[in-house]
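Please report on the local features of this chain.

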Amino acid sequence: MKKRAGLKLFGNIITGLCLGMLWILPVQAASIEIDGNFRDWNSIEKTAINSDFYQEVAFVRKDNKLYMYAKEKSKNSWETYYANTMPTLILKNGEEHVLVITQSSSNGNQSDLTIRKQNGYTEVSGAHGKRDKNGTYQYELVIPLDDFGEVDSVRFFTDYSNTQTLQLGSNENETPSVIEETTIQQETPEEIVIHSDTGKITIDGNFDDWKNYPHVFVTNWNMPEDQRNESNCRSLSIAMDDDNIYFHVKMIGGWNDPMNGNEYLLSVGDYGVSINLTMMDDRTLPQYNLSPNQYDLKVYYKNRTAPLIDNTLIPGAAAKLAVYSNGPDEVEVQVPKEIFKTVFGIDVNDVKEITLMNPNLFDHGISSTATSTMPFLGIGISVASVLLAVFLLSRKKVTHKR
């Protein structure tokens, strides 16, 4: 009897040890489920990150898919650091493919994430992610690599001005190694000064009044200036009069490029105010199935702009979106200069320069420079490199990057 009990005890011990071994064995990528649970990442080695965005990240390659895990420092839903991460797949032949992480839906703290190619903004087939909060936010992604080629390394933004590049291992499941950390350098602004005829801008969806104002071709990927045109770039202009700031965006004419970018940063000197544009029913942009028509847009302060409550509409602001059946979308926006007095208590009536930024639409900010003393100012346009996430800062004082 004692012998039988001893054998049973021995068997239980062996079973327990086996289960324990299974628990501590490294998790293979085949068992990673993109479900917002994150427990399957517990035994995968992480790379510690000392940055404003992240505490740690991990990459695993398996079956020609790249899996990514990131533990953010963000505790608030509006701190969408994932949107600025911009993971770039660097191939062995030197090609680079920049990806954009966007939120497709949310329920409480959990969000579904979509991964798009920056060039053309098309979704990566089979790629998806989940984000959820456990103390701070975490997210996980899977990115099929069939459409890209042989990936050698991954570069991503770790904060508003720095990137880190990780070398992927030659073997599947091998922990990536750090190649380099870099700081994005500011370029010397290129100034395009064009004297404009005076003329009142009206937010009516007509856009003819913008013909009097200089525009520049802008993109959100690297393209030589001499290759830019209306078929492969967005067109952008900014102007102001005694009371208001105006800007006009025309999307790319060469392919389906719906109006994108809900948030814009308007900066005067060291002071910046973020504004949001949405459809009148609060749908965000882009909207891919809008019928050709003109649409009024809401213009309101970005969430939690001190000292305002969420989604406060901006008095006196207006915006119009035009969707065409055979041409690129256009939007024109009017924002009172009073926003700077509302948010910062400062009067900017005598301002001579104002900068507009939106990293979803273009990788450069544009700055208007007064060239006329008439009530409605003609403008010159300065194109200056800016950091992607300066636009997303929710601080009372935003540094004007030039």
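Helices (H or I, at least four residues) and strands (E, at least two) are DSSP runs, numbered from the N terminus. The model is predicted, so local features need pLDDT of at least 70, side-chain atom pairs count only at pLDDT 80 or more, and totals for chains, interfaces and linings use all residues. Residues are numbered from 1 along each chain as its sequence is written, and side-chain values use heavy atoms, with hydrogens and water left out.

**Backbone angles**

Met-86 sits in the loop between helix 2 (82–85) and strand 4. Its phi is positive, about 45°, although Met-86 is not a glycine. Met-86 is buried at 10% relative accessibility. Here buried means under 20% relative accessible area, exposed means over 50%, and partly exposed lies in between (1.4 Å probe, protein chains only).

Phe-38 is another non-glycine residue with a positive phi, near 75°. Phe-38 lies in the loop between helix 1 and strand 1. The peptide bond from Leu-285 to Pro-286 is cis, with omega near 10°. Pro-286 belongs to the loop between strand 17 (271–279) and strand 18 (293–301). Such cases deserve a look, because most residues other than glycine have a negative phi and most peptide bonds are trans.

Two strands pair if DSSP finds at least two bridges between them. Strand 4 (residues 88–91) and strand 5 (residues 96–107) run antiparallel and are joined by three bridges. Leu-89 has His-97 in strand 5 as its bridge partner. Four residues separate these strands in the hairpin, and Gly-94 in the turn has a positive phi of about 95°.

Strand 5 also pairs with strand 6 (residues 110–117), in the antiparallel sense, over eight bridges. Thr-102 has Thr-114 in strand 6 as its bridge partner. This hairpin has two residues between the strands, and Gly-108 takes a positive phi near 70°.

Gly-149 is 60 residues from Leu-89 in sequence, but their C-alpha atoms are 9.5 Å apart. Gly-149 lies in the loop between strand 8 (136–144) and strand 9 (151–157). It is partly exposed, with a relative accessible area of 32%.

**Rings**

Rings of Phe, Tyr and Trp (its six-membered ring) pair if their centres lie within 6.5 Å; planes under 30 degrees apart count as stacked, over 60 as edge-to-face and the rest as tilted. By this rule there are ten aromatic pairs. Two of them are tabulated.

| Pair | Centre to centre | Angle between planes | Geometry |
|---|---|---|---|
| Phe-38 and Tyr-69 | 6.0 Å | 65° | edge-to-face |
| Phe-53 and Tyr-54 | 6.0 Å | 90° | edge-to-face |

Phe-38 is buried at 7% relative accessible area, and Tyr-69 is buried at 4%. Phe-53 is buried at 0%. Tyr-54 is also buried, at 0%. Ring pairs join Phe-53, Tyr-54, Tyr-81, Tyr-82 and Tyr-139 into a cluster.

The charged end of Arg-131 sits 3.9 Å from the ring centre of Tyr-137. The rule asks for NZ of Lys or CZ of Arg within 6 Å of the ring centre and within 35 degrees of the ring normal.

**Gln-334**

Gln-334 belongs to strand 20 (residues 330–336). What is its relative accessible area? The value is 17%, so Gln-334 is buried. A polar atom of its side chain lies 3.0 Å from the backbone oxygen of Gly-316. Contact means heavy atoms within 4.5 Å. Leaving aside neighbours within four places in sequence, Gln-334 has contacts that include Ile-203, Asn-244, Tyr-246 and Gly-316.

**Nonpolar cores**

A nonpolar core is a set of buried Ala, Val, Leu, Ile, Met, Phe, Trp, Tyr and Cys residues joined through side-chain atoms within 4.5 Å. The largest has 39 residues, and Leu-266, Ile-275, Leu-321 and Phe-340 have the most contacts inside it. Not counting residues up to four places away in sequence, Ile-275 touches residues including Phe-247, Leu-266, Val-299, Ile-314 and Val-335.

Key
A polar contact is a pair of N or O atoms within 3.5 Å; within protein, one must be able to donate a hydrogen and the other to accept it, and residues adjacent in sequence count only if both atoms are side-chain atoms.
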